[in-house]
Amino acid sequence: MSEQKIEFYKGPAGGWGALRSVTATLLKQDIPVKGAKTLLSANQPDGFDCPGCAWPDRNHASTFEFCENGVKAVAAEATARRAGPELFATHTVAELAKQSDFWLEDQGRLTHPMVYDAASDKYVPIAWDDAFALVARHLNALPDPNQAIFYTSGRASNEAAFLYQLFVREYGTNNFPDCSNMCHEPSGSGMRPQIGVGKGTVTLEDFEKTDAIFIFGQNPGTNHPRMLGELRAAHKRGAKIVSFNPLRERGLERFADPQDKFEMATLTSTAISTHYFQLRVGGDMAVVAGMMKHLIDRQDAGESLLDLDFISEHTTGFSDVAERLRGETWAILEEESGLSEAQIRAAADIYGAAKSAIFCWGMGITQHQNSVGTIQMLVNLLMMRGNIGRPGAGPCPVRGHSNVQGDRTMGIWEKPPAALLDRLGEVFGFEPPRAHGWDTVESIAAMRDGKARVFFALGGNFAAATPDTYETWKALRRCDLTVHVTTKLNRSHVVHGREALILPCLGRTEIDIQAGGAQGVTVEDSMSMVHISTGINPPASEHLLSEPAIVARLAAATIGHSSSTPWLWLIEDYARIRDKIEAVFADFKDFNLRVAVPGGFRLRNTASERVWATPTQKANFVAHAVPRDTPSHRARARFAGKGDTVVFTLLTTRSHDQYNTTIYGHDDRYRGVFGQRRVVFIHEADIRALGMKDGDWVDIQTVWEDAGDGAQVRRADRFKLVAYDIPRGNLAAYYPETNPLVPLDSVALNAGTPASKSIPVILTPHTAPVMAQADHDTSAYAIG
């Protein structure tokens, strides 16, 4: 572990710091040679798709198509370390549960299927056939298929996801909570009613043509580092890059491209943002409303800023939106955004001067109560100037995990459209269930309340990724059976049901041999490009199965007696699975031929063609008032005039040594945090107002008072105050350590995504003795 310190980082994003990190990562996983060779095949036409983020691939002629955090993901999977039966023989589950998340995953790749033995409180090896039989016995014993829950991680390939949704629907339920429910669900929920698609409309080529890129609630330097290359190129050719973020993020400030010999030799870098607006947490809708109001003011004054031809020909509802915005007051817009009227008008003028513009956003937008409304306002603003369906313009929700968008395309959705169910029934000869299933938050409540008894996870780390940690753990422990398909040990395996299985699978980097020979799988990136991924490394263990094989063998064991689907035949050659995908989805015509082309192919996006697949056959403006009744509003009203209690709004975030819930290390280099994770970023003036000093330790408690929930205390203890450039009244801290603070019923309206980016909290001094190892995070996961 690094020395624990808080030290301002002077360097740019990328640069020599990234190269040093790459070297250290490969050495740490004991794969300096193997790791380097593996990376040369990352994101290549004849190689594998990075198991990290979903940013598209640019130049397949380049040898280096990976980033620092992609290296961490690849190295973690290709590691020389192994977590075999001997690890579980020497540790009870109670002992494993006391370890940190970092320690659990750092043990290495799982090698054998394992089953929980209650008598010894240990996991012990189990044969694959016996494991499938155990799951099948539990599933077939349920009186109602809806008592089973089937979670999906964005790591799953299109082939695995397609088989999975087919199996589960033949079994009889639509209970498909997935990682989309926790990240970009509001993007789809917001855009589908407006433009007829729930995906972004832009391609990488649009980044070459745009005049302006607006970035909302996203930190590409850590979450999508390869995006920095596109932003750098855009800046160099004169495009405006406008960032809205409460935190000063180094990746939005400046970037040194490790492939640029001049920048590396001269220790120089390229600026990224031409304009940077530090709005309040949750203030995005007020900013967008103010920008729209400014454009309407200028139009009313006789200027021609709006694309009236586009509005007239392609849209409905603009007059209602314009009228509502004329009634918004600048006082409210300033108060809710944290920006001045002059700043908002300046941002609007940049947009108004751009002939084309792209709007990018991440979970800083989607994980709020009013995220759907905010996204619809962003789309409204794009439509006002005709910035959808033409070069260099459009919405660009930047997805997280590498195939989260593809999983949804394949039918991993608790609310499937009738047309998909109809087609599945026609192709496979069964009647799919029609009732909607549970999303992630609803699934937790169902398990907690005894309505669900079996939980099956195709990847992911459900116990650490979800909100309201202790409620989630209670829910999982109430299950009769929990099953996790995974590559490495994680928190979810030690928070289990009465019976439990760990089923180890192949990783994205590994060779997948089936009866028909070596197989490739396909994935879909954030811009609807579908391409093939083929592993190059021998499997970490001879006992591993691929995800498609696990799903098919489980289906054969569970419903093989009644299903006409040839499950085991399909996995002999994954081209057969792709033929079935083509039979169900019209957009995948000639799937096997098209995916054989280097770089793959792009799925049709009707909105990018200005074809509006909405009931009105138009793009729809949707009006929203700036919210004034959020959880933070209510919490501040509750404490108004009651002593010196200060209510802050906390956003949860990743460190730079982290991808989703996977902790690679304990440094957050760009924010100057080293060797530790239990920190809370706060404005230095707020520290003084609390009567504290930088470096003091505090406990964080959620202020939550909804019907029936007023008595529950949600707290996370022992966090170090770190003075940071963040607006007053706002805090930031890492998840999963702060997930216990997110109430289960604090979700995005009309989407259900946990509102993890806007939690009302109070800080109190921590008086317990400080542990010698300040990072040791098991206190956040006390067993009880």
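**Loops, cores and contacts in a predicted model**

Arg 610 sits in the loop between β23 (601–602) and β24 (619–620). Please bear in mind throughout that this model is predicted. Although Arg 610 is not a glycine, its phi is positive, at about 60°. Most residues other than glycine have a negative phi. With a relative accessible area of 23%, Arg 610 is partly exposed.

Leu 267 also has a positive phi, near 55°, in a residue other than glycine. Its place is the loop between α13 (261–266) and β11 (270–271). Is Leu 267 buried or exposed? Leu 267 is exposed, because its relative accessible area is 66% and the exposed class begins over 50%.

A further backbone feature concerns a proline. The peptide bond that runs from Tyr 735 to Pro 736 is cis, with omega near 10°. Most peptide bonds are trans. Pro 736 belongs to the loop between β32 (730–734) and β33 (759–765).

I turn now to the interior. In soluble globular proteins, nonpolar side chains tend to be buried together. Here the largest nonpolar core has 60 residues. Which of them touch the most other members? They are Leu 139, Phe 150, Phe 162, Tyr 164, Phe 167, Leu 501 and Phe 588. Helix α8 (residues 158–171) supplies the largest share of this core, with nine residues. Let us look at Leu 139 in particular. Setting aside its neighbours within four places in sequence, Leu 139 is in contact with Ala 148, Phe 150, Phe 167, Tyr 171, Val 454 and Thr 558. There is also a second, separate core of 54 residues, and Met 291, Leu 295, Tyr 351 and Ile 388 are included in it.

Next, a pair of helices. The axes of α17 (residues 330–337) and α18 (residues 341–353) come within 9 Å of one another and cross at roughly 90°. Helix α17 is therefore roughly perpendicular to α18. Which residues meet there? From α17 come Trp 330, Leu 333, Glu 334 and Ser 337, and from α18 come Glu 341, Ile 344 and Arg 345. Sorted by class, this contact has three nonpolar, one polar and three charged residues.

Thr 702 lies in strand β30 (residues 697–702). Thr 702 is buried, because its relative accessible area is 7% and buried means under 20%. A polar atom of its side chain lies 2.7 Å from the backbone oxygen of Leu 741. Apart from neighbours within four places in sequence, the residues in contact with Thr 702 are Arg 714, Leu 741, Pro 743, Ile 759, Pro 760 and Val 761.

Asp 284, in helix α14 (residues 284–300), is buried as well, with a relative accessible area of 6%. Beyond its neighbours within four places in sequence, Asp 284 is in contact with Phe 216, Leu 279, Gly 364, Ile 365 and Thr 374.

Finally, Trp 103 is found in helix α6 (residues 101–105). Its relative accessibility of 23% makes Trp 103 partly exposed. Not counting residues up to four places away in sequence, Trp 103 touches Leu 87, His 91 and Leu 96. How far apart are the C-alpha atoms of Trp 103 and Ile 663? These two residues are 560 residues apart along the chain, and their C-alpha atoms are separated by 8.9 Å.

Methods:
Residues are numbered from 1 along each chain as its sequence is written. This is a predicted model: local features need pLDDT of at least 70, side-chain atom pairs count only at pLDDT 80 or more; totals for chains, interfaces and linings use all residues. Side-chain values use heavy atoms; hydrogens and water are left out. Axes are lines fitted to C-alpha atoms, for helices over the stretch in contact, and angles run from 0 to 180 degrees between N-to-C directions. Helices (H or I, at least four residues) and strands (E, at least two) are DSSP runs, numbered from the N terminus. Angles under 35 degrees count as roughly parallel, over 145 as roughly antiparallel, 65 to 115 as roughly perpendicular and the rest as oblique. Contact means heavy atoms within 4.5 Å. Ala, Val, Leu, Ile, Met, Phe, Trp, Tyr, Cys and Pro count as nonpolar, Asp, Glu, Lys and Arg as charged, and the others, Gly among them, as polar. A nonpolar core is a set of buried Ala, Val, Leu, Ile, Met, Phe, Trp, Tyr and Cys residues joined through side-chain atoms within 4.5 Å. Buried means under 20% relative accessible area, exposed over 50%, partly exposed in between (1.4 Å probe, protein chains only). A polar contact is a pair of N or O atoms within 3.5 Å; within protein, one must be able to donate a hydrogen and the other to accept it, and residues adjacent in sequence count only if both atoms are side-chain atoms.
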